[in-house]
Amino acid sequence: MPDNGDWIETCKAQDVGREDVKRWDHGDRSFAIFRTADDRYYVTDDICTHEYAHISDGFVEGTTVECPRHAGCFDFRTGEALNPPVCVNLRTFPAKVEDGLVYIRLADD
Amino acid sequence: MPHDGIVIVGSGHAGARAAQSLRANGWQHRISVIDGEGCAPYERPPLSKAVLSGKSRPEDAVLFPQDFVEQHGIDFRSGVRAVGIDRDTRQVRLSNDDAVSYGRLLLTPGAEPRLLDIPGRELEGVFSLRTAVDACGLSGQLLPGADVVIVGGGLIGLEVAASAIQRGCSVTVIEAGPRLMTRAVPPELAELIRLLHETRGVRFILGRQAVALLGSQRIEALRMDDGSTLACTAALISIGVTPRTDLALAAGLEIENGIAVDCFLKTSDPFIYAAGDACAFKNGDGSRLRLECWKNAEDQGALAARNMMGANEPYTPMPWMWSDQYDRTMQIAGHPELGEQHVARHCPDGSLLVYHLDANDAIVGVSGFGSLREIARGVRTGQMLMQRGIHPAKEALQNPKIDLKAAAKVAAG
């Protein structure tokens with residue numbers, strides 16, 4: 001198995017706006033790819049842990065994202081649920097940028 | 001600090017959040033929750049939407065995490081009502097003849113659907129919507145082909161209209177006022193929402209009042225003030241709510257359009273606090289305000305808990321509310337009613353955002369109806385502009401190609 005074998009290519013790094021988020025669908029799952037103001041990239045599940053909504057439709061400020069439906073906030077670096085109504089953390093995934101492309105690694109599940 | 005326990009009367013949103021907030025902030029003594037409803041505390045917003053459209057059940061959205069009551073040793077009195085407050089001995093008398101003492105008491109009684117005082121309101125098939133039991137009863141009537149009449153074109157009435165249409169009912173909404181959602185929603189949005197409902201098949205009758213509900217045992221028709229009748233198989237009465245103040249009134253607490261509290265949510269008795277739909281709080285300008293929305297119950301419940309523990313933080317509301325109808329969403333933040341100029345921003349996907357400005361071009365409110373993405377982002381950006389006191393040019397507010405979030409960042413440095 002080559003070193004990079006379990007990294008999956010997602011999108012161009014420049015396609016994710018600074019301090020913003022982009023949705024990426026893979027199979028039947030949606031992921032949220034975040035880019036900070038200083039160009040660090042993070043990936044979480046895209047479906048809110050409270051009620052059904054795509055986190056990638058939400059508002060990013062600093063390192064938090066606010067769910068568009070009920071304004072629950074998560075720290076997208078750790079997935080931590082920060083305020084009600086969200087109380088269950090978002091799942092996070094390792095991400096890296098190489099040659100202008102964002103890669104993520106899915107956990108074994 | 002009171003060490004003889006905190007009693008919370010009411011286990012709706014504000015009461016349940018207060019209990020959680022007390023434990024989260026380190027309150028180690030007794031917490032008694034007097035729950036009149038007899039079930040685990042639950043979220044009310046889904047009742048008119050996901051529950052009525054058949055996508056979820058009330059128990060799918062509980063407020064307490066699993067095992068919260070056991071783990072945190074909450075004295076939860078299920079199905080028991082508070083019938084009196086003895087302020088001298090600091091005790092709450094209960095409907096099961098028991099009594100519970102308090103060091104601090106929090107009243108979160110909520111509000112009661114306003115009754116339509118007309119003949120026939122006791123007929124089968126006539127509903128109001130406030131509780132999980134109400135929602136399950138009404139849901140049973142929303143069968144394909146049912147004729148549903150909704151009295152009151154406010155938020156609840158319209159959310160129910162959307163749910164009923166999605167379940168194959170035919171729906172008529174009667175509203176006494178000249179337009180829909182007069183109290184809560186700016187006219188531009190109300191018009192857009194009416195048009196969407198009409199394209200989905202909802203019929204509106206504006207400027208008419210219901211004067212009688214007709215039928216022998218079950219409702220069969222509704223008569224309006226022009227003498228005409230509408231045949232129906234079920235009716236929802238959704239003409240607003242009144243705060244439940246009986247308990248506070250009988251205890252001699254100050255009442256003013258709700259249970260009167262100061263900016264710290266303390267009533268006229270320093271050992272008693274109030275929060276949620278029934279709480280009439282002192283606003284920054286000295287006026288008294290009562291808000292009937294999820295965000296207010298959420299924030300006041302948590303704040304009352306901290307203040308009962310001695311925090312003394314004033315309540316500074318940043319009003320925010322939402323409504324989901326069909327696949328669209330509406331959000332309103334701040335105070336659109338204080339706006340003297342209304343700047344519309346039409347997004348390419350058909351969403352409408354309206355920025356409400358005062359005479360000096362300061363944003364005092366923002367409202368929107370459309371896709372979740374455009375509305376959530378647009379309203380949140382509006383809140384950020386308000387909080388930071390940034391006044392973008394009207395041309396920038398209008399133009400969907402101009403990124404207001406970036407403008408807010410640049411202006412803030």
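**The A–B contact**

Reply: In an unreviewed entry, UniProt places the feature "domain: Rieske" at residues 8-104 of chain A. Bear in mind that this is a predicted model. Over residues 8-104, chain A is 0% helix and 46% strand, and the end C-alpha atoms sit 5 Å apart. For chain B, UniProt lists "domain: Reductase C-terminal" at residues 320-407, again from an unreviewed entry. That stretch of chain B is 28% helix and 38% strand, with its end C-alpha atoms 22 Å apart.

Now to the contact itself. Chain B brings 19 residues to it, and chain A brings 19 residues too. Between them they bury about 1700 Å², with carbon and sulfur atoms giving 50% of that. On the chain B side, B:Leu372, B:Arg377 and B:Arg380 supply 33% of the area that chain B buries against chain A, more than any other three residues.

On the polar side, the count between chain B and chain A is 13 residue pairs in polar contact, both residues being at pLDDT 80 or more. Four elements of chain B give two or more residues each to the side that touches chain A: helix H7 (294-308), strand S22 (320-325), helix H8 (372-387) and helix H10 (404-412). H8(B) gives the most, with seven residues. Sorted by type, the chain B residues on this side split into seven nonpolar, two polar and 10 charged.

Side chains of opposite charge can pair when their charged atoms come close. Over all chains the count comes to 37 salt bridges, and between chain B and chain A it is six. One of the pairs is A:Glu66 with B:Arg380, whose closest N and O atoms are 2.9 Å apart. This pair crosses between chains, running from strand S6 (residues 64-66) of chain A to helix H8 of chain B. Both partners are tucked away: A:Glu66 has 16% relative accessibility, so it counts as buried, and B:Arg380 counts as buried as well because its value is 13%. Then there's B:Arg388, which forms a salt bridge with A:Glu61, the closest N and O atoms being 2.7 Å apart. These residues join up, too: A:Glu61, A:Glu66, B:Arg380 and B:Arg388 are linked in a network of salt bridges.

B:Glu298 lies in helix H7 of chain B, and at 5% relative accessibility it counts as buried. Leaving aside neighbours within four places in sequence, B:Glu298 is in contact with A:Pro84 from the other chain, plus B:His13 and B:Arg17.

Technical notes: Residues numbered from 1 in each chain as written. Chains lettered and ligands numbered in written order. Predicted model: local features only at pLDDT ≥ 70, side-chain atom pairs only at ≥ 80, totals over all residues. Heavy atoms only, no water. Contact = heavy atoms within 4.5 Å. Buried area = accessible area lost by both parts, 1.4 Å probe. Salt bridge = Lys/Arg side-chain N within 4 Å of Asp/Glu carboxyl O. Polar contact = N/O pair within 3.5 Å; in protein donor to acceptor, adjacent residues only side chain to side chain. Nonpolar A, V, L, I, M, F, W, Y, C, P; charged D, E, K, R; others polar. Buried < 20%, exposed > 50% of the residue type's maximum accessible area, 1.4 Å probe, protein only. UniProt positions renumbered as here; feature names shortened; annotations may be inferred.
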